[in-house]
Amino acid sequence: MSFKIKDLVIENKIILAPMAGVSNSPFRILSREYGAGLVFAEMVSDKGLLHSNEKTIKLLYMTEAEKPMAQQIFGSDLKSMVDAAVYIDQHSNADIIDINMGCPVPKVAIKAQAGASLMKNPDLIYEIVYSIVKKVSKPVTVKIRSGWDSDTVNAVEVAKKIEQAGASAITVHARTRAQGYAGFADWDVIKAVKESVSIPVIGNGDVVDGPSAKKMLDYTGCDAVMIGRGALGNPWVFREIDAYLKDGTILDKPTLQEVKDMIIHHLEALCDLKGEHIGVLEMRSHGPWYLKGIEHASTLRKQLSQAKTKDEIIGYVNAFFDK
Ligand SMILES: Cc1cc2nc3c(=O)[nH]c(=O)nc-3n(C[C@H](O)[C@H](O)[C@H](O)COP(=O)(O)O)c2cc1C
């Protein structure tokens, strides 16, 4: 069930997606503990790194417990992308350098001409990947979308360029930039990419549990699946997928006690890393995600999304789960 990215052995085919504001060290540790074979860190800006922006440098924080880990960078300018990759190569303990060619948000894809905007320029993609691979010793991977929009689906062409440029794996999020996160991912694009390159292909888009993971692996032939939104408030998804891929076992959903303990554990870990103020702000998103599917939790959801201190969150959580 393992696969390899260059010489790095990944113990299974289950991967945490890079998610800005989510895939930080505490969440990556949880994901690894619960069964992800590889975790991606949220994207960092090439220019932010090169200007030693304090916030950007802090995003590079990682621990041994989360390895193997891929650090993603985004940018559009060849020289600063290469310099940022060299910086990661030399200053980070990450195992892989990943290049973002899929981010759809206007600040990245339109204003900065980075992320998914690069899909419009396969020659520049080649040049960026080739120049980075030449300069770094860590494996280089690239995360792409299907294309810019439905008229310009070019993932296969781009994937071939990425392989020729020396990358060690490609992730395909099978939506166009124009789709954002709406609608369904078109897994045929992942299948077509897999058929056209020989480096590992990681499939991404709409995998949320064991059956959908198996379906994507079987249908597309991809080497591994990457899970984004299905992991929000749900680090258990990795062990669920792992069990299902091994022998079709469907694990029970976490108990209310497990959900309660996880919310408090995640809160503590975020506050330890980022301080109480930021930890609580981030938990305003994670908290409600943990409550998805739990009955009568609308008041708690609201309380968590407005909480100001750690003690306040712990109080609300205890009151709800211990009643
Ligand atoms: C909150 C959020 C933040 C994201 N941040 C990033 C990012 O930093 N880099 C990236 O390549 N993709 C990012 N993505 C996209 C995901 O990695 C993934 O491609 C997408 O969510 C589709 O997978 P899913 O259907 O499993 O959610 C983000 C997605 C979400 C929901």
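**View 1. Helices α8 and α9 cross with right-handed geometry.** In this predicted model, local features require pLDDT of at least 70, side-chain atom pairs count only at pLDDT 80 or more, and totals for chains, interfaces and linings use all residues. Residues are numbered from 1 along each chain as its sequence is written, and side-chain values use heavy atoms, with hydrogens and water left out. A right-handed crossing has the near helix turned clockwise from the far one by less than a right angle. The contact (heavy atoms within 4.5 Å) involves W187, D188, I190, K191 and K194 of α8 together with S212, K215, M216, Y219 and T220 of α9. By class, this contact comprises four nonpolar, two polar and four charged residues.

**View 2. Helix α4 (residues 78-91) packs on helix α6 (residues 122-135).** The angle is about 35° and the axes are 9 Å apart; the crossing is right-handed. From α4, L78, M81, V82, A85, V86 and D89 meet E127, I128, S131, I132 and K135 of α6. Seven nonpolar, one polar and three charged residues form this contact.

**View 3. The ligand is surrounded by 17 residues.** Polar contacts (pairs of N or O atoms within 3.5 Å) include a polar side-chain atom of Q72 at 2.7 Å from a ligand nitrogen atom. An N or O atom in the K143 side chain is 2.8 Å from a ligand oxygen atom, and a backbone N or O atom of M43 lies 3.3 Å from an oxygen atom of the ligand.

Note on methods. Helix = DSSP H or I, 4+ residues; strand = E, 2+ residues; numbered from the N terminus. Nonpolar A, V, L, I, M, F, W, Y, C, P; charged D, E, K, R; others polar. Near = heavy atom within 4 Å. Polar contact = N/O pair within 3.5 Å; in protein donor to acceptor, adjacent residues only side chain to side chain. Axes fitted to C-alpha atoms, helices over the stretch in contact; angles between N-to-C directions.
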